[in-house]
Amino acid sequence: MLSGSIDYAKKLLLEDYEYSGFEIAATIYDLLYGDDSGVSMETKFIDKFCRGFRDRPSAKEALPTKTVPDYSTDSILKALVPSISDDMLSLIRVGHKISMAADSIIGTMLDEYVHVNLRPYGWTCCWGNCMQGIDFCSLSGDLLHIRNKSNTEVSSNDRNRIKNKVKKWFRMNAYTGKTKWDELNLIVGKPGLFSEEGFSSFVLDTAKSNPDCLYTGAEDSALLSALIERFDSK
């Protein structure tokens, strides 16, 4: 990779340059794409990597959602459960909104959890989908594509010589709920490094340390708290 590109990455990442794993990703990028790459492709790769790194859950500030609730769902719930109260409908509606927002960041939580644990062993997350179909890579040339659930979309790499070298793993079977951490430990050669308990603790700690990773909105949060308190007092 050109020295100017390295300087550009250092300028964007500042004190996080080493932790981000950029040099590992850049080394693999050169091996895979160096023959066809130019300054513009390198710049695009760096921008994607740095933007993805800055948007990791422990550091990001989520933006407000622009969607509004569809209140016709209340009518469906009332038809199914005629005795349901307006307070319960509000609790379900707001809780669902926040739960869906939380669900949308689990994939990036998984990326950061794996990165945090593998970084000391010469691995890095390929932040921001900077190399299509490759989520993690190592200085040894290992390529890994991970998904949160078995039924989520698989990213593909359009180069067959790369695609055939990428190992694939998903955390959870979407139909049984069974997790597959032992398989990931085997892939990276680190028995016991990853576990569902470790991931759950990481998610909890990250959300506590950076609540801005999930935008809930002051009104939604206040309403949810008030509704829960109201039901708890009954």
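The lining of the largest pocket divides into eight nonpolar, twelve polar and eight charged residues. Here Ala, Val, Leu, Ile, Met, Phe, Trp, Tyr, Cys and Pro count as nonpolar, Asp, Glu, Lys and Arg as charged, and the others, Gly among them, as polar. A pocket is found on a 1 Å grid over the protein atoms alone, as an open set of points where a 1.4 Å probe fits, with protein on both sides within 12 Å along at least five of seven lines; lining residues have an atom within 4 Å of a point.

Keep in mind that this is a predicted model, in which local features need pLDDT of at least 70 and side-chain atom pairs count only at pLDDT 80 or more, while totals for chains, interfaces and linings use all residues. Residues are numbered from 1 along each chain as its sequence is written, and side-chain values use heavy atoms, with hydrogens and water left out.

Back to that largest pocket: it holds about 580 Å³ of space, where a volume is the space filled by probe spheres set on the points, and grid points are joined across faces, edges and corners. Its lining has 28 residues, and G107, T108, D111, D135 and I146 lie nearest the centre. At least two lining residues come from each of α6, α7 (106-118) and β3 (143-149). These labels follow DSSP runs, numbered from the N terminus: helices are H or I with at least four residues, strands are E with at least two.

The second largest pocket has about 440 Å³ of space. It is lined by 27 residues, with T67, H96, K97, I98 and M100 the closest to its centre. Two or more of its lining residues come from α5 and from α6, and α6 gives the largest share, nine residues. By class, this lining has 15 nonpolar, six polar and six charged residues.

So how do α5 and α6 sit against each other? The axes of α5 (residues 72-80) and α6 (residues 86-104) come within 11 Å and cross at roughly 125°. Axes are lines fitted to C-alpha atoms, for helices over the stretch in contact, and angles run from 0 to 180 degrees between N-to-C directions. The two helices are therefore oblique to each other; angles under 35 degrees count as roughly parallel, over 145 as roughly antiparallel, 65 to 115 as roughly perpendicular and the rest as oblique. In this pair, D74, L77 and K78 of α5 meet D86, L89, I92 and R93 of α6, where contact means heavy atoms within 4.5 Å. That contact has three nonpolar, no polar and four charged residues.

Next, follow α7 to α10 (residues 196-209): they pack at about 110°, with axes 10 Å apart, and are therefore roughly perpendicular. On the α7 side you'll find I106, M109, L110, E112, Y113 and V116, meeting G198, F199, F202, V203, T206 and A207 of α10. This contact counts nine nonpolar, two polar and one charged residues.

Finally, α1 (residues 3-13) packs with α4 (residues 39-54) at an angle of about 20°, their axes 10 Å apart. These helices are therefore roughly parallel. Among the residues in contact are Y8 and L12 of α1 and I46 and F49 of α4.
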